Amino acid sequence: MTEITASRQSLLLPDARTRSRNAAEKRFRVYGMIAIGLAVLALCVLLVSIVSNGAGAFQQTFITLDVAFPEDKLDKNGNRDPAEMAKVTTFGYAPLIKSAINARIQAEGIEIEGLKKPERMISKEAAAQLRNFVLSNPEVIGETRRFEVLASGRVDGYFKGRVTAESAKRDKNISPEHLVLADALKNAGALETRFNWKFVTWPDASENRPEASGLGVAILGSFYMMLVVLVLALPIGVAASIYLEEFAPKNRFTDLIEVNISNLAAVPSIVFGILGLAIFINFAGLPQSAPIVGGLVLTLMTLPRIIIPSRAALAAVPPSIREAALGVGASRMQTVFHHVLPLAAPGILTGLIIGLGQALGETAPLLLIGMVAFVREYPDAPPEGLFDPATALPVQIFNFTQRADPAFVERASGAIIVLLIFLLITNSVAIYLRRRFERRW
Amino acid sequence: MNDMTMPEQTTKAEADYKFTAKGVDVFYADNHAIKDVSVDINDKTVTAFIGPSGCGKSTFLRCLNRMNDTIDICRVTGDIRLDGEDINDPKVDPVQLRAKVGMVFQKPNPFPKSIYDNVAYGPRIHGLASGKAELDDIVEKSLRRAALWGEVKDRLDKPGTGLSGGQQQRLCIARAVATEPEVLLMDEPCSALDPIATAQVEELIDELRQNYSLVIVTHSMQQAARVSQKTAFFHLGELVEFGETADIFTNPEDSRTESYITGRIG
């Protein structure tokens, strides 16, 4: 057939143009797959490195000791007066721990040559733990109680593979003999490494006791700030976008506002921190390091990021719905609230939750308003608690990475895991709400 | 039906007309879309607006219930009266006007709600029903008037967007008549429908004429000839000819009208 009509191209053979078009399409698909592959690979590397570094933070080593509380040391006059008992500092409790660990070693019949200062095995946090316990339960004085205390960061590191006999030789905080003792205690059942909720609930601890540090205050602070952002940014942002999109006249002034909102969304967040420092702390006199100020700053930062997607969601509602409502005699406000807003709700919610997610992970503006401080005290319940000092999760990560002790590396990665879990939860909620409210038209 | 609310100020000659429009001009920014149009629309009559695309017939229709207010750049001048009252008077609330002058749009646009809620929305916001039973009555009556009751009575709680195109358009008509309007404006109500649905809607228009004054914009001259008693021919923003439908189609006075209905322009 091709021989008869030589000029006619057979459909079975692609011509040159078709071939090059198909090749171009194939190349484009390959580029796309490569791009996605790289992104997935990068994500996997990130997650694997964070999880492998941070999983250890959720495990902690504990030592069980029988601690005697001698009256002559803790309450010399024997009258259980809280004020007098409080005069015994945590330093005064150190000998109790020392004798408790020595007693335990003897009781288990462990003998290690060259072992000195076995109390180095115990976290410095333990003395404070005992003191708090005695002050709140004075009746234990004169008795012996079984206690579970934190092992020191080095001993904990030994069971996580961070500390070896080699490194212990060069370490003035721990010796290879301590590690032998740790193994012996473990065999005797006095030492245990297990899941540690305290990493999530306890407050931060000082530089030389990483084993006792936790994220409690940071999580509370972040939660309070998100509360402030939600309460302020949702109504203000949605109201602003509804007004601008549905009611505002289109003139130079509204154009100017529009341009500025778009620009604000691109302003570096640290600038909002300076603004918050100047306005909320220096001018309005709000306290430093307080979640209320952090929340206000993050609200300023989040507002344009909520308004822009909200306006886009409102603009995407087909005008025929507005005409239909107006046509049956609905007022503009009824039109917006009965018809346009429900249809735009999924888009607005998505914008809101992405905005909240960004606010949750924001660090720079919080550094400027003093939330980088070292805070041991939990803030009270809101609303008073909003004015108490607190830190935030991303700032806590920043703080952990600043510290010298290698144990803080796993703490920082562990905190990142917690932050990522929170972000995952908010995003899942966003997807769920989107599905729930999405309606076809 | 709303006789009680009819003002007594109208003179006898004007009383026959539902709408009287005199010297209406519409501007979209600098574009002069409607040029000095005067039309009188009778009660209980179907008036058709015909003309080529972009001639301003839809724009003029939207002046009658002030839908053009929603377009920022649109400016309407001239005198439009409903029962002798100036609808562009600053004291007139367009919401009240639109309750009296219902509208059906080119593309069926039911709300993404149930069939029941679609029809009940207007009566609800205007407070026309005092209870659930009364609202049920209004919904049934409106759906019957729109010749849709039989098809949807068993699925009133299903979404209105799930109906076929013709059913959706009749649902929109039911929604429009549910608020007991005096005038019904229809902007190319059949252009998105197939011939069977079109026939149903046309039949409906003829029935609705018993109670309402209807104004219908259409591209189809056959449709105008079938359903209307009066016809207005628009061309390039001007009202070229207005009169009895039979006269326009059989004996047009203006040569442009003749060219259009015979298919030479437009």
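Here is a walk through two meeting places in this structure, one between the chains and one inside chain A.

The model is predicted, so local features need pLDDT of at least 70 and side-chain atom pairs count only at pLDDT 80 or more, while totals for chains, interfaces and linings use all residues. Residues are numbered from 1 along each chain as its sequence is written, chains are lettered from A and ligands numbered from 1 in the order in which they are written, and side-chain values use heavy atoms, with hydrogens and water left out.

Let's start where chain B meets chain A. Chain B brings 22 residues to the contact and chain A brings 19, where contact means heavy atoms within 4.5 Å. The two chains bury about 1800 Å² between them, and carbon and sulfur atoms give 61% of that. Buried area here is the accessible area (1.4 Å probe) that two parts lose on being put together, summed over both. On the chain B side, look for Phe111(B), Pro112(B) and Tyr121(B): they lose the most area to chain A, together 29% of what that side buries.

What about charges and polar pairs? The chains share one salt bridge, meaning a side-chain nitrogen of Lys or Arg within 4 Å of a carboxyl oxygen of Asp or Glu. Glu323(A) and Arg62(B) form a salt bridge, with their closest N and O atoms 2.7 Å apart. By class, the side of chain B that touches chain A has 11 nonpolar, six polar and five charged residues. In this scheme Ala, Val, Leu, Ile, Met, Phe, Trp, Tyr, Cys and Pro count as nonpolar, Asp, Glu, Lys and Arg as charged, and the others, Gly among them, as polar.

Now turn to chain A on its own. It splits into domain 1 (58-196) and domain 2 (216-437), with bounds from an automatic or database domain assignment. Their centres, taken over C-alpha atoms, lie 45 Å apart. Eight residues of domain 1 of chain A touch nine of domain 2 of chain A, and the two domains bury about 550 Å² between them, 43% of it on carbon and sulfur atoms. In domain 1 of chain A, Phe58(A), Arg154(A) and Arg162(A) lose the most area to domain 2 of chain A, together 65% of what that side buries.

Four salt bridges are counted between these domains of chain A. Arg162(A) also has a salt bridge with Glu410(A), at 3.2 Å from N to O. The side of domain 1 of chain A that touches domain 2 of chain A divides into one nonpolar, two polar and five charged residues.
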